[in-house]
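Subject: Structure handover

Hello,

Here is the structure I said I would pass on. My notes on it follow below.

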Amino acid sequence: MAAETGLRLVQKLSQQLVMTPQLRMAIKILQLARVELENLVSEELSQNPVLEEDLGTSVSDDVPTVDGAVKTAADEWKPAEADGVEVREANSLGEIDWKDYLENYGNDFHGGGVGAARDYDEERRPSIENTLSKPVSLADHLMWQLRLSSMTEREQMIGAVIINNLDGDGYVCVPLAELAFMAAADIDETEAVLKKIQEFDPPGVAARTIPECLLIQLRQLGLGESLAARLVERHLEDLEARRFDKLARSLKVSVEEIVQAARAISALEPKPGRDYGEGEIRYVTPDVFVHKVGNEFVVTLNDDGMPRLRVSQFYRRMLGNDGSGEARGYIEDKMRAAAWLIKSIHQRQRTLQLVTESIVRFQRAFLEKGVAYLRPLVLKQVADDIGMHESTVSRATANKYVHTPQGIFELKYFFTSSLKCKDGEDVSAESVKKRIRELIASEDRRKPYSDQYIAELLSKESIAIARRTVAKYRELMGILPSSKRKQVY
């Protein structure tokens, strides 16, 4: 008999995580750095009229605070849940008192009249440290010199093309023929202008190679025909490898003369544009403070500069008046957004507090004695300790800094891999790096320690580590190999 075919309706029960816009915002806020969070709050304050900053002035009992949950005598305004916000009408508040509103808020507008001038507070003027300023870039610095130079208008046009094709280190990053094509000039004319720009400040700028950069600086120092110039021009590779004996035999000079020339070259700047970097300077502000009080370490969140948020009482009153459905819907949407923002920030701070407290429990020895006592730690250990998922801990520690008795560290710093000791105990990779730095700092500069010898010294301290691991850690710390650390004199 042929099998029956047809359509069937089957029910299936399954769990699925739905990423709502509110959940996305909560995750985003959790992993934001402090400065980014301050910018987000400032942007929300400017875009959401329902959201306002609590300046600590006298407020009636029915104004929500930053904790996101407020109980009032007449009614209750609750924060956003996963399925929305419950907003009750406040008919008992009556009509809006516009006279009271203008007296309290009118001076915030530009041209507020006599009242604004009378209420102006000199102490609220922003400090000079908060004044925006633009750092001078390398291109701006060179263009300023170009305009002050005695070059013709055509030469300045070619010079502008050259300046705009320098990389961040101050080197010409395109071939000379291409520069000439972009400037609609011949190669000889372009090279002549390039030579003039190479005399600009900073010394060595607009070079095409490192040797050319160093030679330009030596010429400006009056050492264009010196032994140092000869070393840079023909023997830079041997000089980098510190083959002083070989160079002395090749150039028929003493080793002392080679050493003196090497010292002169080492004083030059191989990256002339580094002081004119385009990158913004980042100032680290700790998100958390860890202080020792008695025998215990106390974790305190840094709320300095973070505005306390609340929902505007003015717009809550507007909900109590009869108005159009469109206006009411707009205010309710803005209240949902404001409530969820307040709740997400509160949750971020709570998670950060729990994560830091857990790290303190694991790394107490580090807080008391220093990096040598840093324990190996992984995200799962902290996640299990506070009952959260590893991804939550990872987001909570991203771009966050903590001030401890040992200094300021990124929270990620406390999560390190482990190395096995001969006695079976684990030691953190950071403590091993610290020990490598100490050994290299104490070595004889004429006979620096090789990676293999450092591994043997660590082995005597019961730290089992391979030579290639020592080399890896040394490179991560920016320490040169022994052949380049050696000093003849």
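Among contacts in the protein between residues at least 6 apart in sequence, those that join residues at least 24 apart make up 62%. Please keep in mind that the model is predicted. The protein has 489 residues, and 39% of them count as buried. The exposed surface comes to about 30,300 Å², with 51% of it supplied by carbon and sulfur atoms. In secondary structure, the protein contains 22 helices and 10 strands.

I looked at two helix pairs.

The pair α9 and α10 consists of residues 210–220 and residues 227–234. Their axes are 9 Å apart and the helices pack at an angle of about 165 degrees. Angles over 145 degrees count as roughly antiparallel, so α9 is roughly antiparallel to α10. The crossing of α9 past α10 is left-handed. On the α9 side the contact is made by Pro-211, Leu-214, Leu-215 and Leu-218, and on the α10 side by Ala-228, Ala-229, Val-232 and Glu-233. By class, the residues of this contact are seven nonpolar, no polar and one charged.

The pair α17 (residues 379–386) and α18 (residues 390–397) packs at an angle of about 105 degrees, and the axes are 8 Å apart. Since 65 to 115 degrees counts as roughly perpendicular, α17 and α18 are therefore roughly perpendicular to each other. From α17, the residues Leu-379, Lys-380, Val-382, Ala-383 and Ile-386 meet Glu-390, Val-393 and Ser-394 of α18. The contact of α17 with α18 has five nonpolar residues, one polar and two charged.

Next, some points about the backbone. Most residues other than glycine have a negative phi, and most peptide bonds are trans. The places below depart from that pattern.

- Asp-201 and Pro-202 are joined by a cis peptide bond, with omega at about 5 degrees. Pro-202 sits in the loop between α8 (187–197) and α9.
- Ala-206 is a residue other than glycine with a positive phi, near 65 degrees. Ala-206 is also found in the loop between α8 and α9. Its relative accessibility is 0%, and under 20% means buried, so Ala-206 counts as buried.
- Arg-242 has a positive phi too, near 60 degrees, and is likewise not a glycine. The loop between α11 (236–240) and α12 (244–251) holds Arg-242. With a relative accessible area of 28%, Arg-242 is partly exposed, because that class runs between 20% and 50%.

Is Arg-474 buried or exposed? Arg-474 has a relative accessibility of 5% and therefore counts as buried. This residue lies in helix α21, which covers residues 467–476. Leaving out residues up to four places away in sequence, Arg-474 touches Ile-440, Asp-451, Ile-479, Leu-480, Pro-481 and Arg-485. That list includes Asp-451 and Arg-485, which both count as charged because Asp and Arg belong to that class.

If you open the model, the loop between α8 and α9 is one place to begin, as both Pro-202 and Ala-206 are located there.

Regards

Methods:
Residues numbered from 1 in each chain as written. Predicted model: local features only at pLDDT ≥ 70, side-chain atom pairs only at ≥ 80, totals over all residues. Heavy atoms only, no water. Helix = DSSP H or I, 4+ residues; strand = E, 2+ residues; numbered from the N terminus. Buried < 20%, exposed > 50% of the residue type's maximum accessible area, 1.4 Å probe, protein only. Contact = heavy atoms within 4.5 Å. Areas by Shrake-Rupley, 256 points an atom, 1.4 Å probe, with all protein chains shown as cover. Axes fitted to C-alpha atoms, helices over the stretch in contact; angles between N-to-C directions. Parallel < 35°, antiparallel > 145°, perpendicular 65-115°, else oblique. Left-handed = near helix turned anticlockwise from the far one by under 90°.
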